[in-house]
Every structure is written in structure tokens, then in C-alpha cells.
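Please read the following briefing beside the sequence and the coordinates.

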Amino acid sequence: MPELPEVQTITSDLNKYLKNAVIKSVEIEKGYKLFELAPKRLKLFKFSLGKVKAQPNNEFFIKKVLDQRIVSVSRIAKNISFELANDFHILIHLAMTGQLLLRKPEHPKDKFQRVVITFNKNGCYHLRFCDMRMFGKMVLISKKDLSKFMEKYGYDALNVDLTPEIFLKALKSKRTAVKNALLDQKKISGIGNIYATDALFLSGIHPEVSTKSLDLKKAEILLNNIRLVLNEGIKNRGSTLNDKMYVDVFGKPGNHQNYFRVYGKKTCAVCKNSVQFKKINGRGTYFCLICQPFA
DNA sequence: ATGTTTGTTCCGAT
DNA sequence: CATCGGAACAAACA
């Protein structure tokens, strides 16, 4: 579920609460394998790490993280990275339905709980990795491999080094509908379906307009609106849809769903005309034909 | 029963 | 060979 604002909310809370905490135990739900589910899933892991080989098994993971101190928690695109005091990072991607919950050990078992890491800092805490659909991943990666892993991502949408010129060039390197380019993490990272939809609406750009038709002025407007909705999303602690799958580390839903511009809407808040809904590249897309003319 | 879902990768067509 | 779009991954809900 999470896009950049949701991952950022989780990451900054975890950094606040787990920085310098020490991992005292790791429990993996019976049948849940960090890297070795079905053969197909193993393949998925390998590819998702690029040329980097995933570590072979749960035991290796546990051995390497036990008694390690968390140096810091940070966000890489939509991944959460736990820097350990040794040579490794724990990398977590929540995909569609992943959750990270900070719990007291006595708190009742959470639904779809897959991995429980116990930390020792100001008492004893659980970090529970829950994932209903199991598209998420949790892997151990060496510092050297992490830099290789990061190469597969384009500029983070909130990176101040990303200028309108670079942004435009990145979009144009893909000859496709502008919305598809925005969702391509290799070009620009962090943007997901909801925030892309709202940013295009604010920019008056039809989602199916070709990247070829963009000019620097439009790119600058779009980039500013992307940052506007992402920063708003962070301020509002993320978006929680009706399925309630996104919650923060305390189990609380976000508020940004109350501030969507066009996503999930029936009528346009600006011109009152009916909002269009269309699947673009398999992703539900909302737009207003009056405010976002296809031209 | 069918269609829907915040993400990413695989695979076939071009 | 590079690139794009659709399918697949899996589970719950309406």
C-alpha cells in the first residue's frame, strides 16, 4: 500500500524509536521464509535485488542480525532500511499490504504477522512485520550490495537535486503516457498511484498525455505539485483507504485520504463535472476532462 | 462469483 | 537488443 509519504512516516517514527536499539531476538512465523518461499518467489527476490544475490536462508538472517545495534533507519525509495552496526542492512519493502508495528511484547498477536523482531531500548519492544498478501519482502543486504541496489532507482521525488530539467529528461526517456512514467521507479522514485493521480490533476495534465508533449514549464508545474501532494501526505501521516491496510507503527491510520484532490472522487471539486475513471496500465486512474484536457 | 486493491517483476510482443 | 504493456504474485472484501 504505502507510497513515499506512508513509508516516510513509518521510517521517521522507527528512526526515532529504534535508533541505537539492539536486536535481542528474531522470530519468523512457521512456514514464512524470508527468501525461500516458492521457487517463483525466490526468483522474485533475486530479481528485485538486481544482480545482488539474496542471502540464502532465515538462519543466516537471524545469525547476522542478533545482538546488532540499529545505527539508523532511513528510506530508500519505498524501502525501509535499517543500518546495522555490522556490515549489513535490513531492507523491508511493504508492497501493497505490508505493515510494521511497534508493540509491547504482551500485545496480542497481530493479523498476518510474519516476522517479529524484539528490541531492547527503554524496555522491550516488538517490531512486527505483517503482510496479508505477502508481496512485501524483508531481506538482509551487505553495505556493498546496498549501493548496487540503490542504483536501480531514479532520483527520489523529494530530492532537492532533482531539477525540473532532470525531471523532464527522466520522463521523456520513456515514450509512454506521463502517468506510466511517473510510476516508473527507475526514472523517479517514491511516487505511487494515488499521489501521481492527484499531482496530475493539480497540474491540469491528462494522465494519458505522452511524455513527448511535455515541455519544461509543464514539467516544473508537475514536479512542484508532486512535491506538494507528497509533503502534504507526510504532514497528514499517510493515506489509509477503506481496506485499512495502511497504518503507522502504532497501528493508527493516516489522515491524507481526507485531502485527496481527485483520487476516488465522483465529481470534480473545481468545475463540478463528473470525474473520469479509467484503468491506465492496470492502475485505477481518476481525472477530470475539463481540468485536464487531453491536448 | 466477479471485480477491486496503495507495488514490483516477469514475460511475450513489437 | 531495448522497450512497453499486460499478466502474475495472493488474499480479503464488496
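**Domain contact and DNA surroundings**

In this predicted model, the side chains of arginine 75 and aspartate 156 meet in a salt bridge, with 2.7 Å from N to O; a salt bridge here is a side-chain nitrogen of Lys or Arg within 4 Å of a carboxyl oxygen of Asp or Glu. Chain A is divided into domain 1 (4-148) and domain 2 (155-287), bounds that come from an automatic or database domain assignment.

Residues are numbered from 1 along each chain as its sequence is written, while chains are lettered from A and ligands numbered from 1 in the order in which they are written. Local features need pLDDT of at least 70, side-chain atom pairs count only at pLDDT 80 or more, and totals for chains, interfaces and linings use all residues, with side-chain values resting on heavy atoms and leaving out hydrogens and water.

**Between the domains**

- The C-alpha centres of domain 1 and domain 2 lie 27 Å apart, and 19 residues of domain 1 are in contact with 22 residues of domain 2, where contact means heavy atoms within 4.5 Å.
- About 1700 Å² is buried between domain 1 and domain 2, and carbon and sulfur atoms give 64% of this area; buried area is the accessible area (1.4 Å probe) that two parts lose on being put together, summed over both.
- Leu4, Pro5 and Glu6 supply 29% of the area that domain 1 buries against domain 2, more than any other three residues.
- The count of salt bridges between the two domains is 2.

**The side of domain 1 that touches domain 2**

- Helix 1 (4-18) and strand 5 (98-103) are the elements that give two or more residues to this side, helices (H or I, at least four residues) and strands (E, at least two) being DSSP runs numbered from the N terminus.
- Helix 1 contributes the largest share, 9 residues.
- By class, this side of domain 1 has 10 nonpolar, 4 polar and 5 charged residues, where Ala, Val, Leu, Ile, Met, Phe, Trp, Tyr, Cys and Pro count as nonpolar, Asp, Glu, Lys and Arg as charged, and the others, Gly among them, as polar.

**Around DNA strand C**

- Of the 11 residues around DNA strand C, Met132, Arg133, Arg175, Thr176 and Asn281 come nearest, a residue being near a strand if one of its heavy atoms lies within 4 Å of it.
- A polar side-chain atom of arginine 133 lies 2.2 Å from a base nitrogen of DNA strand C.

Technical notes
A polar contact is a pair of N or O atoms within 3.5 Å; within protein, one must be able to donate a hydrogen and the other to accept it, and residues adjacent in sequence count only if both atoms are side-chain atoms.
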